[in-house]
Amino acid sequence: RMTQRSRLDNFLAEAAASAGAEFRDGHAARSVEIDGPTARVRSNSDVYEAPVLIGADGINGMTARALGIAAAEEHAVAFEASYPLDAPLAEHWARHVALNLGGTPGGYGWVFPKGDHLNVGVGGWKHIGPTLRGRLERLCASYGLDASKLSGHRGYQLPLRYDRASVVRGPAMLAGDAAALVDPLSGEGIWAAFVSGRLAAEEARRYLAGDVRDLGGYQAA
């Protein structure tokens with residue numbers, strides 16, 4: 001089964017709101033501060049304070065920087081685009097994905113069907129970044145796809161964490177890509193984001209209930 005990230009994000013936001021979260025869309029965080037046991041986030045003219053902060057703001061988020069934590073010690077890179085589907089192509093890819101191994105140093109190429117388009121991409125070690133566009137075009141050719149039809153090109157850095165890298169400081173925890181929890185073999189991060197989010201929530205619950213003195217249990221988990 002495949003889905004699109006925008007649909008997944010919307011589903012998660014709706015689920016959080018249904019569970020009681022106050023979802024603030026369009027309120028970009030401008031700064032993150034730690035003042036003793038209190039975390040403070042500024043968003044335009046609004047200021048939010050809380051006894052626990054979970055930074056889930058991705059590889060380029062400000063939480064890790066604000067905490068003085070360098071969770072990622074290494075990066076991989078990826079480059080992807082969308083390819084339009086017509087009826088014959090949709091039928092061909094209806095029950096298949098492609099993982100093209102061996103052609104990209106430290107990574108692979110892929111073709112994933114996403115309903116109305118194919119997601120086509122390549123990823124690998126960061127030093128191949130300047131070559132990714134050419135590698136993507138060659139991948140398309142190998143599957144009989146016209147690279148000139150690609151659209152919505154997107155590039156990513158994939159944060160890779162070394163063992164024992166800190167993901168906790170004071171009243172704050174990092175989760176998902178902010179904690180550099182990308183699988184170093186597959187480059188996949190959604191699963192680790194879900195797991196770390198659950199672990200952070202469980203630790204926050206224990207901390208707020210007074211069962212533990214700090215959030216160090218999350219680091220161990």
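How many aromatic pairs does a search of the whole structure find? In this predicted model, the search finds three aromatic pairs. In one of them, Trp 93 and Tyr 143, the ring centres lie 5.9 Å apart and the planes stand at 65 degrees, so the pair counts as edge-to-face, given that planes over 60 degrees apart are classed that way. Trp 93 sits in the loop between α3 and β6, while Tyr 143 sits in the loop between α4 and β9, so their pairing ties together parts that are 50 residues apart in sequence. Trp 93 is buried, at a relative accessible area of 5%, whereas Tyr 143, at 31% relative accessibility, is partly exposed.

Another pair, formed by Trp 110 and Phe 112, is stacked, with 6.2 Å from centre to centre and 20 degrees between the planes. Ring pairs also bring Tyr 108 in, so that Tyr 108, Trp 110 and Phe 112 are linked into a cluster. Trp 110 counts as buried, its relative accessibility being 11%. Trp 110 belongs to strand β7, where this residue stands opposite Leu 99. The strands β6 (residues 98-101) and β7 (residues 108-113) run antiparallel and are joined by four bridges. Their hairpin has six residues between the strands, and in this hairpin Gly 102 takes a positive phi near 95 degrees.

We can now turn to the sheets. Strands of a sheet pair through backbone hydrogen bonds, in either a parallel or an antiparallel sense. Five bridges hold the antiparallel pairing of β2 (residues 38-43) with β3, and the partner of Ser 43 is Asp 46 in β3.

Two bridges join β10 to β11 (residues 172-174) in an antiparallel run, and Arg 169 has Ala 172 of β11 as its bridge partner.

Finally, consider helix α1 (residues 5-18), whose 14 residues should span 20 Å at 1.5 Å a residue; the end C-alpha atoms are 20 Å apart, which agrees. Just after α1, Gly 20 takes a positive phi of about 115 degrees.

Definitions and conventions: Residues are numbered from 1 along each chain as its sequence is written. This is a predicted model: local features need pLDDT of at least 70, side-chain atom pairs count only at pLDDT 80 or more; totals for chains, interfaces and linings use all residues. Side-chain values use heavy atoms; hydrogens and water are left out. Two strands pair if DSSP finds at least two bridges between them. The expected span of a helix is 1.5 Å times one less than its number of residues. Rings of Phe, Tyr and Trp (its six-membered ring) pair if their centres lie within 6.5 Å; planes under 30 degrees apart count as stacked, over 60 as edge-to-face and the rest as tilted. Buried means under 20% relative accessible area, exposed over 50%, partly exposed in between (1.4 Å probe, protein chains only).
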